[in-house]
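Subject: Structure for you to look through

Dear colleague,

I am passing on the structure below, together with some notes on what was found in it. Please keep it open beside you while you read.

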Amino acid sequence: MLTNANLGQFQQTPLGDGGQRRKIHPHKFTLWIAIGSIVMMFAGLTSAYIVKSNQATWQPIVIPKVFWYSTAIILVSSLTIQMALRAFKDREMNRYRTLIAITTVLGILFIVFQYFGFRQLWNSGVTLRGSGAGQFLYVITSLHAVHVLGGVVALVVMFIKAFFGTRKNYSSIPVEMASTYWHFVDFLWIYLFIFFMWLG
Amino acid sequence: MSNDATYHGPSEVVTTHDVHHDEHHVHHHKETFITKYVFSQDHKMIAKQFIVTGIVWAIIGGLFSVLFRLQLGFPNVDFPILETFFGRWAKGGHIQPEFYYALITMHGTVLVFFVLTAGLSGTFANLLIPLQIGARDMASPFLNMLSYWFFFTASIVMVSSLFVQTGPASGGWTSYAPLSALAEASEGSKVGMDLWLVSMALFVVSSLLGGLNYISTILNMRTKGMSMTRLPLTIWALFFTAILGVLSFPVLLSGFILLLFDRHAGTSFYLSDIVVNGHVLDNEGGSAILYQHLFWFLGHPEVYIIILPSMGIVSEVLSVNSRKPIFGYMAMIGSLFAIAILAFLVWAHHMFVTGLNPFLGSFFVLLTLLIAVPSAIKVFNWLTTIWRGNLRLAPSTLFSIGFVSLFISGGLTGIFLGNSTIDIHLHDTMFIVAHFHIVMGVASFFGMFAGVYHWFPKMFGRDINHTLGYIHFWVTMIGAYLIFWPMHYEGLAGMPRRYLDLTPWVSFNKFQTLNEMITIVSIIVFAVQLMFVFNFFYSMFKGRKVTSTNPWGANTLEWTTPINPGHGNWPGEIPEVHRWAYDYGKDGREFVMQTEPIGTNESKDH
C-alpha cells in the first residue's frame, strides 16, 4: 500500500510539479493519440487482408505502376511541408505560403494519381466484385486517400489564414501539427505500398 | 512527509472553498442560451447533455426489453394495446417475428453503446476529469463539444431508423454478416441496417473525439502537485476506458466499412456460397468469420469500456462513504491496467463455436481466465475498503455495494463461459444473457447510479431525493437478481436466447411460469427506473439546495469549487495538490482534503 513517504517522493518528480514548459502541447499530444487510433484502423484492415490472403480463392493482383509516381509525390510533399515549417519558424512568411501551396497541390496530385492507379487496375479487370487483393486495395487505399484529403483541407485552411488572416499568429503549433499529420499519412502510404507490393 | 512546504501554509485558494460563490465574475464571458445550453464548450454542461441524452436512450432501450419480455413471458396472450401503438408490427396484439428481432437488436445496441458507453463514460469523464485533476476544462473543449454533437447526430440517425417502413436493424447488436450484409436476407437488413451502420460510424467518431480528449487532458492538464499516483481512481478508470476506446473503436469502423462495401459495392469480404430464398448469390471467397474477428476485437474491449468507469466510481464512492482510505490503491491501478491489456487478448472467446482451432482456443481460454485475477483483486480491495468502515449508507453507497455483489455473481459465471468446452453447451443460451446482464449491464448501471447519486450535488447544486433513491436501490437490486438469476437455470437446461416463441419446445414448457415471473419483475423494475428519472429531473429543479461545498466530506478537488461552478471551475487560482485522494480517518481526522499541505506531525501511514 502506498504510504505518505511514497507520495512525498512522487511530489519531487517532474510529473508532479506540473511544470507546463516541459510538457508537450496538449493539442499535439491529442494528435499523436489520434494517429495511434488511425493506425489501429489500418492495422485492422491490413490484418483482415492477411487473414483473407491465406484462404482459398484469394486473387492476387499486379500493383499498377502509377502508384510509384504517387509514392514519389507524397515523399516530395513531406519534404516541402518540413521546409514550410522551417520557413514559418524563421518568420519567412512568403516562403512559408509558397511551400504550403506547393504541399497542398502535391497532396491533391497524390489523390489524382491514386485515382489513375485505380483506373489502371479497374481496366485490367479487377472490379469491386470478389474479395481478393484488388478489393482490399480499393478500400484501404481510398480510406488512406480520405485521410490525405483531410490533411489537404487543413492545409487549405492554413493557406487561407496565411494569406487573408487579419490576426498575426506566431504560434508554430498548428503548423507543427499539420506537418506531423502530413508525415504520418506519408508514412502510412509507404507502409501500405510496401504491404501491397509484398503480399499482393 | 515533513518538509518546508508545510510552512507555506494554506494558500488563498484553499480557503476559498468555504466561501459561497453563487455568482462569480472571474471567468465571465458573454453567454447566450445557445452557447450555454446547446453548443456549450463547458465540460460540465457537456456532461449534463450526455446524461440527459443517455437517460432518454435508457428509457427507449428499457422499454424495448419490456416489450420483448411480454412476448417471452406471455407468448399466448394478446395485448391489443401493442397493436394500437405498433400497428402491423404487433398484429393482433402479438409481437411479430421481425419486430421481436428489431427489439432485441435495438435493446442491445442502445444500451451497450448509447447508454453504457456514451451515457456513462461521456457523462462522468466529462464531469470528473477536469474537476478532479484540477483543470479549467478539457485539452480541447471544442473537440469535446463535437464529441457530444456527433453522439447526438448518431442518436438522431438511430432513432430515425425506428420509423422506416422496413424497420430498424434486426440482426442482433453484433450485426453479424452475412445476415447484415444482404438486404434480401431480412426486413431489418434493408435500409434499417444502413442507418444502423451510419449511426454507429458517427458514434465511433464521437467516442474517438471524446477519448482523445480524455487521455490528453489527464496526461497534460493536471494541476500542480497532482502526480499520476495522486489521482482518484475514477480518473484512472476513465483513463484506461479512453485508451481502450481509442484503440478498439477504429477496428470496428474498419469492419463496418468492409460491411458497407459488401452491402452496396458488390464486394464479397464477408460473403461466400450463399443461397437466399432459393436464389443463389454469386458472391465468392468471403469469410463471415472475418467480420466476427473485427467485431469482437472491439466488442470485447467494449465490455470493459462499459465496466471500468463504474469500477472507478465505485472505488471512489466506497472509500468516501466508509470514511476509510481505498485499500490497495496501487493494486487497483495495477489491476485496471491488467484488465485493459487482457481486454485486447481475449476476443476470440466469443467465437469458440465458429470452428476456431481448439489449440488456438485454449490460449484464449487461458487469457480469459486470467482476467479473474485482477477482477478478484479489485473485489477484495472493495470489500477490505468497507471492512470495519464507518459506513454511511447513502443511495450511492448502496448502489456501490450492489455493484460489487453483481460483479461477483456475474463474474463467477464468466469462468464457466470462458472455458471453450463448457461454452459449447452454453453458447447462445439464456446463460449468456444472464451472465453479461449481471456482470456488465446491471453492474455498470449500478456504478452509474452510484455516480449520479454521489455527484448530483456537484452537477446541479441540489440534492437528489434520498428516499426515492433507497426505493430505487432495493427494488432494482432485488429485481435484477430475480430477473437474471433464473436465466442461468434456463440456460443450463439449454434454453436458447433470441427465440421468439419457445412454446412448441416441450422440454422448455416447465420454464413458462418462471418466464412469466421474470417478465412481471422486469416491468416493475422498469417502472422504478422511471421513478428514478422523475427523481432526477424533479430534484434538478426542485431538490433541496446544497449548502456546503463539500456535502460528502470528500477529499477530491471537485469539492473545492463553488457549489455552482462557472466555466473555468475555480473562481481564483486552481488549487495545488499536496496528497493523494484517500486520506480518510487519518490521525483522528475524518478527512483531509487533497489541497491541504502535509502537516509536520502527520503520521506516515493511513
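Domain bounds, which the first part of these notes relies on, come from an automatic or database domain assignment. This is a predicted model, in which local features need pLDDT of at least 70 and side-chain atom pairs count only at pLDDT 80 or more, while totals for chains, interfaces and linings use all residues. Residues are numbered from 1 along each chain as its sequence is written, chains are lettered from A and ligands numbered from 1 in the order in which they are written, and side-chain values use heavy atoms, with hydrogens and water left out.

The two domains of chain B

In chain B, the assignment gives domain 1 (1-30 + 549-606) and domain 2 (31-544), and the C-alpha centres of these two domains lie 35 Å apart. Taking contact to mean heavy atoms within 4.5 Å, 38 residues of domain 1 of chain B are in contact with 43 residues of domain 2 of chain B. The area buried between these domains (the accessible area, with a 1.4 Å probe, that two parts lose on being put together, summed over both) is about 3,200 Å², and carbon and sulfur atoms give 55% of that area.

If a salt bridge is a side-chain nitrogen of Lys or Arg within 4 Å of a carboxyl oxygen of Asp or Glu, the rule finds two across this domain interface. E576(B) forms a salt bridge with K224(B), with the closest N and O atoms 3.9 Å apart. On the side of domain 1 of chain B that touches domain 2 of chain B, the elements that give two or more residues are strand 3 (584-586) and strand 4 (589-591) of chain B, strands being DSSP runs (E, at least two residues) and helices likewise (H or I, at least four), numbered from the N terminus.

Where chain B meets chain A

Between the chains, 59 residues of chain B are in contact with 42 residues of chain A, and the area buried there is about 4,100 Å², of which carbon and sulfur atoms give 65%. The count between chain B and chain A is one salt bridge, in which the side chains of R129(A) and D282(B) meet at 3.0 Å, N to O. Helix 7 (191-220), helix 8 (233-264), helix 9 (288-321) and helix 10 (329-343) of chain B each supply at least two residues of the side that touches chain A, and helix 8 of chain B gives the most, with nine residues.

With best wishes
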